[in-house]
Structures are given as C-alpha cells and as structure tokens.
Amino acid sequence: MTETGIVLTGGGARAAYQVGVLRAISDMYPDWAHPFRVIVGTSAGAINALSLASGGGIFRHNVYRLEKLWSELTVNDVYRNNPVDIFRNMTRVSGRMVFGSKSGSHLSLLDNSPLRRLMSREMNFQAIQQTIADGDISAVGVNACGYSTGQNVCFFDGHESLKSWTVGQRAGARTTLGLEHVMASSAIPTVFPPVQINREYFGDGVTRQMAHVSPALRLGAQKVLVIGVSANSMCSPNRPAKPEAPTFGQVIAHVFNGMFLDTLDYDIDRLRMINQLIELIPPDKLAESGLALNPVRLLEISPSEPIDELAAEHMSAMPLILRKLAGATDRSYASGGSLASYLLFDHGFCTALIKLGYQDAQNHARQIERFFED
C-alpha cells in the first residue's frame, strides 16, 4: 500500500484555511478512517496535524471537531488581548532591547498563555500514541526551530522502524509528542515566547525551514498532499500607482511572508523539478546508479484568493493597538491586512477561510480523486 502523507504548513490564523480543505475531503469520503498515514504540521499547522492524529476512528468526525475549534475561536483564546497587557509587553521588549534581558526572561510581544490552556484542554496526546500503536497511522511530526543551534527539528512519533536523522541544519528527533512540542512549533518569532524542550529553546517551525516536504518523506510518505496558506501562485501582486514609504507593519509582514509562504513555494517548485528529472532517466540507468530515487506524487492546494484582503475585512476584531502595529489606518484596513492575517484568530475571519478552503478543494475534486487512487 502506498503511504499517503499530508503536510500542513504554518501561517498563524491562516491555518484555518486547511480545515476547509480537510472538510471537503471528508465530505468526499465520509466513511474513511485515517486517509493520511503520515501527518506533519508546522506552526499553527501543527495544531491541525496533532488534532487529526489525536481524534477517533472516523476522519470526518475528527475534521468536524477541528472545524468547531476554529469556527468558535476568539483572539482571547490565543493571546491576552487587553490593551494594557499588550502595551506592557511592548514596553518590556523595548526596555530589554536597550538595557539587556535578565537571565531566564523571554522577549515576546504577546502572552499566549490562553493558547496553552486551550491546547491542554483540546489535545489528547495519549490518543496519538494509541493510534500509532494500533497501526492506523505510521507517523506524526511537528517542526520547530532551535534558537541556539539554528536547527530545524521535526519532533516525531511513529512506527518503531523509524529512526532519528540529522542532515546539516535539518533533523528529526523521535519523541513522545506533548503540549510543549505544539507550543514550540506555533511560537511565532518575537510575537510569542520560545519554549524549552530538553536543553534548548525552540520557536516557530517555519524559521529556517527550506524543505517543508522532506520530513514527511523521511517518515515514509510516498505521495503527499500539501495544503498551503498562500495565494502567491494564484494571484499576481498589485503594484501601487505611486511609491509610498512602507509602514513598520508592512516591513514585518514581508519578513513573515518570506518565512511562512515563500519557502514553501520554492520547495514545491524544486520537488516538481526533481520529479521531472527522475522521469527523464531510463530505469536501467537509474538501477545501475544505485541511487534510490523515486518520483514523489504531489498535490498542492492553496488559496485561490488573497488572504490579506480577506483579513482586512475582519480587522475590527483585533485590538486597536495591534491594528495600528499592523499598519491599518482609521480610514482603511487594507494596508494592515497582510500582518493581521497571522494574528487575527477570530471566528469570523477563520470561518471565511474555512469556506474558501472548502470551495478550493471542491474545485480540485478530480485531482483529489486521482491523488487517492493507488
């Protein structure tokens, strides 16, 4: 049997889009139990990945539970949104940058302790171990980046035959997945505090991650569904009529886009090129070389509409101080939509993303059918 994998990428609140795609797949195959044998998630995608792996024996029930979580989400469920708390954190960050930080203290603009409580309540980590033990799935992994070593580490649990690995700045570490792993993977740099795992502090898994699909392949996946959160391949950028100096929020948004969105596009392009090159090599020559190279069957589903614009329509749900930081003005939220899309954990925005993901997956129905055909 071909091992089918799924890669759920990072992007803060944008990850709600993935739930819509998963729901469309569950509607297409309502009787399926575990369609994905290898599940890998990064950042907020790690929340979705572990939710799928920790659910029951019916895929559509697991997706429904995940959809309920996102569609009822509020900003206050993820981080403390009291203006006083936010301003205090910003002041503390500024002070530590100037005067230095005390030992054991962490720099972060927001306090995500509500997310920790939510994950502790919603995640059944023991169920992940049981699902693996029962043979329903082969492996589950979440990616995080070590702030000391700079290594991007895939923390995974899975079939006993799977071994840890190290390839330069990329590594895989076998472990029993728990709350600290999902909190570390979703700790957006500078926004949320890092999380200590063993002897190192870790942050968001997209940091320095250049090979998003690689962990799934190392965990045994032979074909992979990648659900992205960027409309880069579908929508051309709009250039302004006249140049304007970028706001602080726009600059930070470009940094985030480079980490969360652009590296995935590059990785997918590279994988497709490798597939084409392998197909050009005659089978006998490939056998003679002794290289174990096989094409990877890949299906990518990404937003068909700019998420920035969708976020701008829902920015009123964000605290005023964060709207200003994102670059929104009193007259227009459009300029702040890009940065806001990562922090807008609001049920209105998330529901709109789920709807978009569902529609996009329906438009890919034939490709999805071909993907699941052995």
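In helix 1 (residues 16–28), the buried residues are Ala16, Tyr17, Gln18, Val19, Gly20, Val21, Leu22, Ala24, Ile25 and Ser26. Buried denotes under 20% relative accessible area, with exposed over 50% and partly exposed in between (1.4 Å probe, protein chains only). Helices are DSSP runs of H or I with at least four residues, numbered from the N terminus. The model is predicted: local features need pLDDT of at least 70, side-chain atom pairs count only at pLDDT 80 or more, and totals for chains, interfaces and linings use all residues. Residues are numbered from 1 along each chain as its sequence is written, and side-chain values use heavy atoms, without hydrogens and water.

Helix 1 is largely enclosed by the rest of the structure, because 10 of its 13 residues are buried. From first C-alpha to last it reaches 19 Å, close to the 18 Å expected at 1.5 Å a residue (1.5 Å times one less than the number of residues). Helix 2 is also largely enclosed, since 10 of its 10 residues are buried. Ile47, Asn48 and Ser51 are among them.

The largest nonpolar core has 95 residues. Such a core is a set of buried Ala, Val, Leu, Ile, Met, Phe, Trp, Tyr and Cys residues joined through side-chain atoms within 4.5 Å. Trp70 and Met119 have the most contacts inside it. Helix 14 (residues 347–363) supplies the largest share, eight residues. Beyond its neighbours within four places in sequence, Met119 is in contact (heavy atoms within 4.5 Å) with Ile47, Leu69, Leu179, Val182 and Met183. Another core, of 19 residues, lies apart from the largest one and includes Val38, Cys154, Ile268 and Val296.

Five cavities of 30 Å³ or more were counted. On a 1 Å grid over the protein atoms alone, a cavity is a set of points where a 1.4 Å probe fits but cannot get out; a pocket is an open set with protein on both sides within 12 Å along at least five of seven lines; lining residues have an atom within 4 Å of a point. The largest cavity holds about 130 Å³. Its lining has 15 residues, with Ile47, Trp70, Val78, Leu115 and Phe345 nearest the centre. Helix 5 gives the most, three residues.

The second largest pocket has a volume of about 520 Å³, the space filled by probe spheres set on grid points joined across faces, edges and corners. Of its 19 lining residues, Leu217, Leu271, Ile274, Asn294 and Val296 are closest to the centre. Helix 9 (248–280) is one of the contributing elements and gives the most, six residues.

Methods
Helix = DSSP H or I, 4+ residues; strand = E, 2+ residues; numbered from the N terminus.
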